[in-house]
Amino acid sequence: MFIWMGRKWGGSAFQGSHLRRQGQRSGFHNHIVHNLLAQYDFGSPSNFIRETYKRETSYQRPIDVGKKPADIDLSDKSTWSKYLGDQAAYAPFLVYFKDRIEKIGWRETVSETLFSGTALADDLLVRLYGGFLHPFIHLGYGIEFEQPAIVAEGLAMMASHENWIGELFFRTEEAVKETKEDTSSVTLVSLLHSIRKNEKLRMTPEWNDGNKVKSILQRASQEIISVVKQYKVPLSQVEIDKKVAENINSSALFTGASQRKDKEIRIDFYYMHCINSSIFLSAYMNQSWIPIESKARILEWKGWLDLAMYASRRAPELLVDDIRKYVPKAKDLSNPWLNIIDRGLKIKDDGHAIKLIRALANGERLCRGYQNHEDQGFVMKGDMWIKMAHMCMDSVETPGTMWARSVGFDEAWEDYGPRKKY
């Protein structure tokens, strides 16, 4: 019996999710766990969670697709290179990590897998950021809610993803070592503007590129590395806490402010993953068993990937006033978050909307102490968080394609109408 949060009423849905994985043309991401845990965190009753589970299983398939656990022996880690990045090896990796967790514990399993300082651990940490950060998110849920089965899923998902983004991480680390200039005060927001101003970098991605981040690494690697290397995280818990808040703030900013003046409000699907994943930075940073060097590295890599993601959609102009001055559809008479959460829970998507609402509510809370530090990268402040949450809900409730994709391109906006006024 899968025990979830110590309650039987939620267990059956999560057990079912644990035995399935999502089949997609471009990957396999089980969003059911993300959706249900976000709903649980907002206080949804058990019957509501079960209904969501039943609806979301329609596009899932069993995990025993591809190689079966008996076909692969993962006891010798020197053989892992043959299977890493192979989606068909997900099931064997899941069994391996479940067995390992049962033997030594989930914290110890994560620690030896990702933070042991070996070449394999470094390679696996890279894969955590694959697939638009889905392994990062899935493992983050497991750590936040202290659920061993979800931790095992996250590690197996990580092992089954590609590691090409490691080129950005490792080359940037080498560039940082060679840099004598102190850039510790450089903010993520200032680097977003640097990317926007760099015409070669901004214009490198093409609409027809299948992987736009990879296209930047292939055609403008020096340009992107010259920018992202300026973002550094000091080895101090106080500074790490501040950098977590800054990352949440900047990812929310470029996700919400990447709009078109003549078009209705829409949120970019790819940028959204940067803010949705940011909530788990606290989950990783709050673990006393993760070395501070590893915490800084996790945070730096997240910042570097966010910057590359922004560049990959042609770094659209950030219309910050679209957030500051947004007039929402709903007129709130009391706590505005209650209305937003209720609407978010009723959206019948695969959980992206409610995850975004949860991430924004978390951002408002964590960034509250930096309201007067816009010069330090904290542009999102005050009621901008709830206004962006309204932007999200007003847009996803509007008929049409729910999320825009690659909003720096004209093509991304062709099917959307003019700006709505409420």
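The following questions and answers concern a predicted model.

Me: How far apart are the end C-alpha atoms of helix 8 (residues 148-159), and what span should its 12 residues have?
Reply: At 1.5 Å a residue, the 12 residues of helix 8 should span 16 Å. The computed separation of the end C-alpha atoms agrees with this expectation.

Me: How many of the 12 residues of helix 8 are buried?
Reply: A residue counts as buried when its relative accessible area is under 20%. Helix 8 is largely enclosed by the rest of the structure, because its buried residues number 11 of the 12.

Me: Is Cys392 buried or exposed?
Reply: The cut-off for a buried residue is under 20% relative accessible area. Cys392 has 0% relative accessibility, so Cys392 counts as buried.

Me: How many disulfides does the model contain?
Reply: A disulfide is a covalent bond between the sulfur atoms of two cysteines. Here, a pair of cysteine sulfur atoms must lie within 2.5 Å to count. By this rule the number of disulfides is 0.

Me: Which parts does the aromatic pair of Phe254 and Tyr310 tie together?
Reply: The rings of Phe254 and Tyr310 are 5.7 Å apart, centre to centre, and form a tilted pair with 50° between the planes. Both residues are buried. Because Phe254 and Tyr310 lie in separate helices, the pair ties together parts that are 56 residues apart in sequence: helix 14 (residues 237-257) and helix 16 (residues 292-312).

Definitions and conventions. Residues are numbered from 1 along each chain as its sequence is written. This is a predicted model: local features need pLDDT of at least 70, side-chain atom pairs count only at pLDDT 80 or more; totals for chains, interfaces and linings use all residues. Side-chain values use heavy atoms; hydrogens and water are left out. Helices (H or I, at least four residues) and strands (E, at least two) are DSSP runs, numbered from the N terminus. The expected span of a helix is 1.5 Å times one less than its number of residues. Buried means under 20% relative accessible area, exposed over 50%, partly exposed in between (1.4 Å probe, protein chains only). Rings of Phe, Tyr and Trp (its six-membered ring) pair if their centres lie within 6.5 Å; planes under 30 degrees apart count as stacked, over 60 as edge-to-face and the rest as tilted.
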